Amino acid sequence: MKVLAILGSPRREGNTEILLDALICGAKEQGGEVEKLVLCDYNISPCIECETCSSTGECAIADDMQEIYLKLLTADAIVIASPIFFYSVTAVTKAFIDRGQALWARKYLLRQNPLTKKIRRGYFLSLGATKGKQLFEGAKLTIKYFFDAIDARYCGELFFRGIEGKGDIKNHPGALQEAMELGRKLTAL
Ligand SMILES: Cc1cc2nc3c(=O)[nH]c(=O)nc-3n(C[C@H](O)[C@H](O)[C@H](O)COP(=O)(O)O)c2cc1C
């Protein structure tokens, strides 16, 4: 069981990373093989819509995303963790997602269905400072369509409101427990 845990927050040791680390802890407890990918440590350029992938299924941009495609295709479970920035995911997460267009092209234009023999499962962790009802709606749609594009099933989510200061997530009753539990659960499946 290979879990790819993707950190989309640019703030190291912030709320999203603390939450993701709790999930990783639960997954490892169950014997899961976890790779943590800190997007800010990678050089990921935005998609330039050159359309190369429409005919080849390959992205023409030679940067770190090239090694990430393989990780996405070989994981059993993919966890994306991003805080809410302006009602969406962070910029680095969005750049990574947009580069998923190459996999979208394989699936929908080149009809390489399924993309891999493995059925991959996708999970989304998010949090934000405010408490509005629709706080996660925009980001959730983006993540759902991304998982669809890379041929992963959207299998679960954890959202936490009212989390702003660095480390505030530690004071949330139950958040870290829930993340750890999800880590255990997704590894046991
Ligand atoms: C540029 C920026 C935009 C933000 N936009 C929102 C927002 O639209 N809604 C919200 O509730 N919080 C917003 N926040 C607050 C963060 O989601 C919140 O501080 C979160 O805890 C950050 O997580 P981190 O510690 O992992 O970076 C924003 C923060 C920044 C820096």
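Read from the N terminus on, the elements of the protein run β-α-β-α-α-β-α-α-β-α-β-α, where helices (H or I, at least four residues) and strands (E, at least two) are DSSP runs numbered from the N terminus. The secondary structure comes to seven helices and five strands. This is a predicted model, in which local features need pLDDT of at least 70 and side-chain atom pairs count only at pLDDT 80 or more, while totals for chains, interfaces and linings use all residues. For your selections, residues are numbered from 1 along each chain as its sequence is written.

**The whole chain**

Begin with all C-alpha atoms, which fill a box of roughly 50 × 35 × 30 Å, taken along the principal axes. The radius of gyration is 16 Å, which agrees with the value near 16 Å that a compact globule of 189 residues would have; this radius is taken over C-alpha atoms, and the globule rule is 2.2 Å times the number of residues to the power 0.38. Of the 189 residues, 40% count as buried, a residue being buried if 20 or more other C-beta atoms (placed from the backbone) lie within 10 Å of its own, exposed if 12 or fewer, and partly exposed in between. Residues 24 or more positions apart account for 80% of the contacts with a separation of 6 or more, a contact being a pair of residues whose C-beta atoms, placed from the backbone, lie within 7 Å.

**The largest nonpolar core**

Next select Ala-5, Ile-6, Leu-19, Leu-23 and Val-79, which touch the most other members among the 54 residues of the largest nonpolar core; such a core is a set of buried Ala, Val, Leu, Ile, Met, Phe, Trp, Tyr and Cys residues joined through C-beta atoms within 7 Å. Helix α1 (residues 15-29) gives the most to this core, with seven residues. If you then centre on Leu-23 and leave aside its neighbours within four places in sequence, the residues in contact with Leu-23 are Ala-5, Val-79, Leu-125, Ala-179, Met-180, Leu-182 and Gly-183.

**Helix α6**

Move on to α6 (residues 137-149), whose 13 residues reach 18 Å from the first C-alpha to the last, close to the 18 Å expected at 1.5 Å a residue, the expected span being 1.5 Å times one less than the number of residues. Colour Ala-139, Ile-143, Phe-146 and Phe-147, which are buried. Seen down the axis of α6, the buried residues fall within an arc of 95°, so they line one face of the helix; the arc is that of the directions from the helix axis to the C-beta atoms. These buried residues pack against β3 (77-83), α4 (91-98), β4 (120-127) and β5 (152-160), whereas the face turned away from the buried side carries the exposed residues Glu-137 and Leu-141. After α6 comes Asp-151, whose phi is positive, near 70°.

**Loops with particular backbone geometry**

In the loop between β2 (33-38) and α2 (52-56), select Glu-49, which has a positive phi of about 50° although it is not a glycine, and which is exposed, with 10 other C-beta atoms within 10 Å. Glu-51 lies in the loop between β2 and α2; its phi is near 70°, and Glu-51 is exposed, with 12 other C-beta atoms within 10 Å. Then go to Pro-114, in the loop between α5 (101-109) and β4, where the peptide bond from Asn-113 to Pro-114 is cis, with omega near -10°.

**Last stop: Leu-73**

Finish in helix α3 (residues 65-74) at Leu-73, which is partly exposed, with 17 other C-beta atoms within 10 Å. Leaving aside neighbours within four places in sequence, Leu-73 is in contact with Leu-115 and Thr-116.

Technical notes. Contact = placed C-beta atoms within 7 Å.
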